[in-house]
Amino acid sequence: MLLEIQNLVKHFPARRGLGLAKRKALVKAVDGVNFSIPEGGTFGLVGESGCGKTTVAKLVLLLERPTSGAILFEGKDLTQMPPREVKAYRLKAQAVFQDPYSSLDPRMKVGSILSEPLLAHHALPRREIKTRVAELLDIVKLPRGSDEYYPHEFSGGQRQRIAVARALALNPKFLALDEPVSALDVSIRSQILNLLADIQERFRLTYMIIAHDLALVEHVSTEVGVMYLGNIVEKGATARVFQNPLHPYTQALLAAVPRPDPDYPKPKAILSGEVPSPLNPPPGCKFEPRCPHRMEPCRLKQPLLMEAEKGHEVACYLHRSLQHACEIPIISKLTHK
Amino acid sequence: MADHARVPLLSVEDLKTYLFLRRGVVKAVDGVSFQIQERETLGIVGESGCGKSMTCLSILRLIPEPAGRIVEGKIILDGTDILQLDEEEMASQIRGRKISMISQDPLTSLNPVFSIGDQVGGPFRYHGLKKDRQGIREAVVDVLKKVRIPSPAQRLKEYPYQFSGGMRQRAVAAMAIACGPRLLIADEPTSSLDVTIQIQMLQLLEDIQQETNVGLILITHDLGVAAYICQRIAVMYAGRIVEFGDVRTIYQKPSHPYTQALLNSVPRLGEKKKRLFNIEGQPPDLLNPPTGCAFWPRCDRKMDVCQKEYPPQIPIEGEGYVSCWLLK
């Protein structure tokens with residue numbers, strides 16, 4: 001495993017109320033997340049806004065310090081690492097963000113944008129930098145000489161290519177992609193997705209991709225985790241999770257995606273309600289208030305993520321093995337769906 | 001009934017809306033024609049800058065002036081050409097009354113310092129439909145109920161920040177349908193919402209349409225959303241409709257290379273492919289558009305004639321048409 005996330009927790013303090021009524025509260029943005037990514041794999045994290053998927057990415061990139069838990073990269077725990085080794089980690093883990101309009105400094109020429117990581121890490125002697133920049137432009141298929149221009153002179157898709165080139169500058173092993181195409185036009189998205197697939201193969205990169213578009217995640221990832229309010233509720237090989245979703249939330253999510261096919265049957269049951277506030281989540285299973293299959297135990301205790309079939313884990317009491325494991329009385333009429 | 005249905009609710013004829021900028025003229029909408037019937041949903045699909053939003057702003061006569069101007073065309077609503085009306089008449093008779101709009105981002109279309117009740121009551125006050133406070137309040141509760149906002153009598157005292165994204169978009173929809181419009185324009189109504197909320201919103205739009213017979217124009221870049229709710233689809237590229245037809249023909253037998261490419265380039269659930277279809281190049285620069293068909297620089301089946309002359313409209317199945325030399 002290149003990257004292993006163990007029991008990752010991030011709580012943010014939040015203040016509620018004013019004056020005398022002021023009290024402290026915690027937003028449990030990430031509340032015990034486990035997953036691992038093998039070298040060369042792509043782990044997709046899906047979920048709706050506020051589920052904590054971006055916080056996971058920030059934690060993995062050490063842009064935020066976790067409250068507790070471990071992040072193992074090549075077997076070493078990043079949270080316990082001395083600063084010097086952390087700097088070495090930053091060479092190997094890079095990111096591509098959602099919005100190429102705000103992730104590139106408008107006052108820097110593309111050449112400086114691409115050489116900045118090389119200079120900051122003293123990765124190359126100065127005279128070799130220009131060659132490396134040209135090489136990077138070539139990798140992301142931007143015209144030679146693009147380094148002389150400013151970001152605003154490029155279209156959205158080209159800017160995202162610049163962001164990809166910058167992420168590749170230091171020959172990383174791991175890229176965190178946070179909604180890499182959602183700000184782009186439909187006809188440009190496939191260009192960037194194909195480019196990301198090409199460079200993954202060429203440089204044996206490991207990806208973690210965060211997206212709300214389920215079809216996109218199915219397309220790019222080898223494994224997938226579905227997040228809801230700070231927890232992974234279902235996880236497994238992409239094909240298994242998408243073809244045989246076990247958690248009612250995953251099922252609802254997949255049913256809610258409008259298909260580009262007018263004859264596709266419309267979903268019969270639509271998930272009612274909205275995601276509850278992370279400041280005051282339900283005590284048991286966090287999905288319980290919206291769940292069409294909710295039962296008594298769901299309100300009492302949060303189900304843990306457990307294997308339902310080989311390589312496919314789910315956190316839901318609908319699956320018998322979990323009821324035993326969590327010492328919840330089995331309800332006889334419960335059907336295995 | 002059949003006869004009645006033939007009289008279109010709205011008919012847009014050869015609409016041209018140009019933007020006169022210091023750097024040149026942008027033909028944002030360059031000869032667009034379509035019709036929409038009562039209770040029908042027309043989807044306008046295209047990428048940013050293709051003119052889909054400008055078309056709809058033209059229908060509401062809300063083009064940013066003085067740069068933008070409708071230079072040609074007719075927009076006929078229920079038999080009147082609204083391009084002939086003056087600003088006063090537009091404001092008092094058309095906007096919010098007969099045509100209303102739901103915009104993309106509910107946060108920016110609601111005023112943060114007025115309560116939801118105040119804002120949803122705005123159309124009733126402005127158009128003088130309800131005179132007294134009690135009457136307005138009742139009407140607001142009523143319309144909030146219609147958009148399925150739970151406990152409307154309490155929630156109308158709340159402010160936009162107390163509403164979630166989905167609820168805000170419902171409040172915006174309530175304002176739009178307040179005066180019982182004939183035509184509703186929804187500009188990317190769900191693109192800022194999560195999928196489980198998006199489907200609720202789409203269903204709400206369908207329900208509103210069933211109840212009120214309103215004609216709906218849905219602007220979207222999401223091919224899934226358009227397929228879900230629309231009966232007819234207009235595909236726009238660089239200010240023109242390149243393909244128009246009923247939803248099945250467009251999705252199952254697309255004729256224009258651009259429509260085909262768009263449909264092939266999106267990943268689909270349950271159909272994992274090794275590679276997605278690549279549309280080369282970028283959407284055109286409208287200050288400097290290509291000659292002839294605007295899609296030719298990106299088209300994999302371009303011919304000499306494509307660069308010289310804009311293709312004529314060729315009829316296709318389902319009373320639609322396509323503008324492409326390949327079919328000539």
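**View 1. Helix 2 of chain B, inside the fold.** Helix 2 (residues 52–59) of chain B is largely enclosed by the rest of the structure, because eight of its eight residues are buried. Buried here means 20 or more other C-beta atoms within 10 Å of a residue's own, with C-beta atoms placed from the backbone. Helices are DSSP runs (H or I, at least four residues), numbered from the N terminus. The buried set is K52(B), S53(B), M54(B), T55(B), C56(B), L57(B), S58(B) and I59(B). Just past this helix, R61(B) takes a positive phi of about 55 degrees.

This is a predicted model, where local features need pLDDT of at least 70, side-chain atom pairs count only at pLDDT 80 or more, and totals for chains, interfaces and linings use all residues. Residues are numbered from 1 along each chain as its sequence is written, while chains are lettered from A and ligands numbered from 1 in the order in which they are written.

**View 2. Helix 5 against helix 8 in chain B.** Helix 5 (residues 116–126) and helix 8 (residues 165–177) of chain B pack at about 25 degrees, axes 7 Å apart. The two are therefore roughly parallel, a label for angles under 35 degrees. Axes are lines fitted to C-alpha atoms over the stretch in contact, and angles run from 0 to 180 degrees between N-to-C directions. I116(B), Q119(B), V120(B), G122(B) and P123(B) of helix 5 meet A171(B), A174(B) and M175(B) of helix 8; contact means C-beta atoms, placed from the backbone, within 7 Å.

**View 3. Where chain B touches chain A.** Here 38 residues of chain B contact 33 residues of chain A. Helix 9 of chain B gives the most to its side, with seven residues.

Note on methods:
Buried ≥ 20, exposed ≤ 12 C-beta atoms within 10 Å, placed from the backbone. Parallel < 35°, antiparallel > 145°, perpendicular 65-115°, else oblique. Contact = placed C-beta atoms within 7 Å.
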